[in-house]
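Colleague: Could you walk me through this one? I will ask things as they come to mind.

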Amino acid sequence: MALLRVCNLEVDFDTPDGVVKAVNGMSFEVAEGETLAIVGESGSGKSQMVLSFMGLLAENGHARGEAFFHDKDLLKMNPRDLNRIRGKHIAMIFQDPMTSLNPFLTIEKQMAEVVMHHQGLGREEARSHAVEMLRAVRIPDPEERIKQYPHEYSGGMRQRVMIAIGLLCEPELLIADEPSTALDVTVQAQITELVNELRAHTRMSLILITHDLAAVAEVADRIVVMYAGEAVETGNVDDIFYRPQHPYTRGLLASVPRLDRESDDELQAIPGNPPNLLELPEGCRFRDRCVEASEQCRQRPPLWVTKDGRSSRCVLPIEGGEILEEPAVAEKTA
Amino acid sequence: MSKPVLRVQDLAVTFTSYTGGLLSRRERQLRAVDGISFDLEPGETLGVVGESGSGKSTLARAILGLIKASRGRVMWRGEDLTVLDEEALRQKRKEIQIVFQDPVASLNPRMTAGDIIAEPLWTFYPNMERLQVEERTRGMMKMVGLLPNQINKYPHEFSGGQCQRIGIARSLVLNPKLLVCDEPVSALDVSIQAQIINLLKDLQKKLGLALIFIAHDLSVVRHISDRVMVMYMGQAMEVSEKASLYRRPLHPYTNALMKSVPVPDPKLAAAARQDSWLKGDMPSPYQRPKGCIFHNRCPLRVKRCEADVPALRRMENGDWVACHRAEELNLSIQGIT
């Protein structure tokens, strides 16, 4: 059974300009030990979707649907029960390591707090556990560095600390929201290596959120590509990289600048901009930017699904795929 | 070779900070840019690449005179910008403009796109006819791929990529000859980055601009650069023609930056990772390593690198490198492909 099973998840925000539909009927699963990458541009809803089942939506946000962690629905849980799961069973790492740490507290204080709260350890025990974790994420000289403040760490080192904090309670699921986007490429490569080590040595499941497909080529088992609040394509890592089906996925792949190929004169871009979530276009949401769009795309495109778990929402069929009947919930919101 | 428009000669910027208490105050010198030299011809693009803290943004600001140089000269069409007074320098900004990294934060949220783009015109040509300004503004919007009817919209009504187009239109409205782009795409989605890079390349061709394009990622500058300078701790490690740099980097640091670029291919990425060999962080700028400043992170260092500072020297093919071992090392990214 899946560790996390998200079903028809919807997230809306009430704003003075109207209701913004950030997430529209997302469904996916994360198995134990699996790494799922969620890829999409800014505004595709990838972060809000995760925040919704972590109970971290802004006040004007509303979530509907189901998000089962083991056999409990996170969306229906009261804050107290949710608090017991967050940090202990599910940990989250945010994009900006500069602002996620409290600048007034030493690293020790920030790390010890987590284990003392969740595992009831004493201060000394908590400290040695924290040192051990810093060592695991390859922070040199952890006994000394744990006494320092965040500003004494470089950006890459701070992100390592964030990961160490996430790992303190040995969570079953670690969610990382653009963990390396704010970092130099050299440091990104180091973080990727670290994530790979973690995958090799633990049974932890991972959700990686990113706008850059290249960044997850090496670490993802499966990938969900999101556009304007919905999944446009799902598949395992080889399917997505070697046999992409949806024109948006193909566009994302082509827009990555590569050093391992002779350079072309023009870089491939996806034309246009992501749609305004207040006035989503009828039919296919990617239509205006799609190089393969036709008259047919004015209708809502079908969802193709194969037996081995691939899917694509497009008029273009996928090999071995069948059209899945739309669940009623998705229609209701349209 | 035509005559360079910009000659940067031994440019250095040093910041002074103080540590300790009131009585035990000590002065510390931070050499952010440390002896950078290069020429730029009309219509040419120099890519500048390095990690955070390598001094690339400080270099950009020093060229524009936004930060005072502590040494060296910035010769702009035969005139040294570092000795000009404020007003004379301000007049030169008509010719040299900058595009900033964060497209949203660098625009005033209370001004419309049109006002943001037109502001330099009001500043430099206060007597210009209103209609003429508007016409020029609309023209600029069209040129950078915005719709002229978006002229009265505010920054928050645009996406990140569109905001960067506004920033570019504003920087070009005075018809500059040199555009300094400080990480213009780092804050954008990968899918949008290519739009902005292609736009800058088109505009350069159309307007004959000289460009300095700063990034922390070698893959981003590749398509737009004629030459690339790789910076580390304020110094140039390598300055090479694009073709030779990407085929055969001369400096181990250049090679390390190349190998850090993620490859959108699971099998190749796994293979490339096996010899990813840049360990650790850049040292503190207050504790510059002796000898080659890169030696403590360099997997190819030899005894000599710990003591002797390698000079930036010219290789047979005309590229420049600061590494003792440049001739004997045969670095290439062929391993990836």
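Colleague: In the hairpin of S1(B) and S2(B), which residue takes a positive phi?

Modeller: Gly20(B) does, with a phi near 85 degrees, and the hairpin has 6 residues between its strands. Please keep in mind that this is a predicted model, in which local features need pLDDT of at least 70 and side-chain atom pairs count only at pLDDT 80 or more, while totals for chains, interfaces and linings use all residues. Residues are numbered from 1 along each chain as its sequence is written, and chains are lettered from A and ligands numbered from 1 in the order in which they are written.

Colleague: How many bridges pair S1(B) with strand S2 of chain B?

Modeller: Strand S1(B) and strand S2 (residues 26-40) of chain B pair in the antiparallel sense over 12 bridges, where pairing requires that DSSP finds at least two bridges between the two strands. Within that pairing, Leu11(B) stands opposite Ile36(B).

Colleague: Which way does S1(B) pair with S4 of chain B, parallel or antiparallel?

Modeller: Strand S1 (residues 6-19) and strand S4 (residues 71-76) of chain B pair in the antiparallel sense, over 5 bridges, and Met75(B) in S4(B) is the bridge partner of Arg7(B).

Colleague: Switching to chain A, what is the order of the open sheet of 4 strands?

Modeller: The order in chain A is S2-S1-S4-S5, with antiparallel pairing. Strand S2 (18-30) and strand S5 (72-73) of chain A each have a single partner strand, so one side of each is left without a neighbour in the sheet. Strand S4 (residues 61-69) of chain A is joined to S5(A) by 2 bridges, and Phe69(A) stands opposite Lys72(A) in S5(A).

Colleague: Which helix lies across S1, S2 and S4 of chain A?

Modeller: That is helix H1 (residues 46-53) of chain A, which runs at about 105 degrees to S1(A); axes are lines fitted to C-alpha atoms, for helices over the stretch in contact, and angles run from 0 to 180 degrees between N-to-C directions.

Colleague: What about the open sheet of 9 strands, which are its edge strands?

Modeller: The order of that sheet in chain A is S6-S7-S8-S3-S9-S10-S12-S11-S13, with mixed pairing, and the edge strands are strand S6 (90-93) and strand S13 (322-324) of chain A, each of which pairs on one side only. The twist averages 20 degrees from one strand to the next. S6(A) is joined by 4 bridges to strand S7 (residues 173-177) of chain A, the two running parallel, with Ile90(A) opposite Leu173(A).

Colleague: Now helix H5 of chain A: which of its residues are buried?

Modeller: In H5(A), the buried residues are Ala126(A), Arg127(A), Ala130(A), Met133(A) and Leu134(A). A residue is buried if 20 or more other C-beta atoms lie within 10 Å of its own, exposed if 12 or fewer, and partly exposed in between, with C-beta atoms placed from the backbone.

Colleague: Last topic: how many residues of chain A are in contact with chain B?

Modeller: There are 39 residues of chain A in contact with 41 residues of chain B, contact meaning that the C-beta atoms of two residues, placed from the backbone, lie within 7 Å. On the side of chain A that touches chain B, H8(A) gives the most, with 5 residues.

Colleague: How do the residues of that side divide by type?

Modeller: The side of chain A that touches chain B divides into 18 nonpolar, 12 polar and 9 charged residues. Here Ala, Val, Leu, Ile, Met, Phe, Trp, Tyr, Cys and Pro count as nonpolar, Asp, Glu, Lys and Arg as charged, and the others, Gly among them, as polar.
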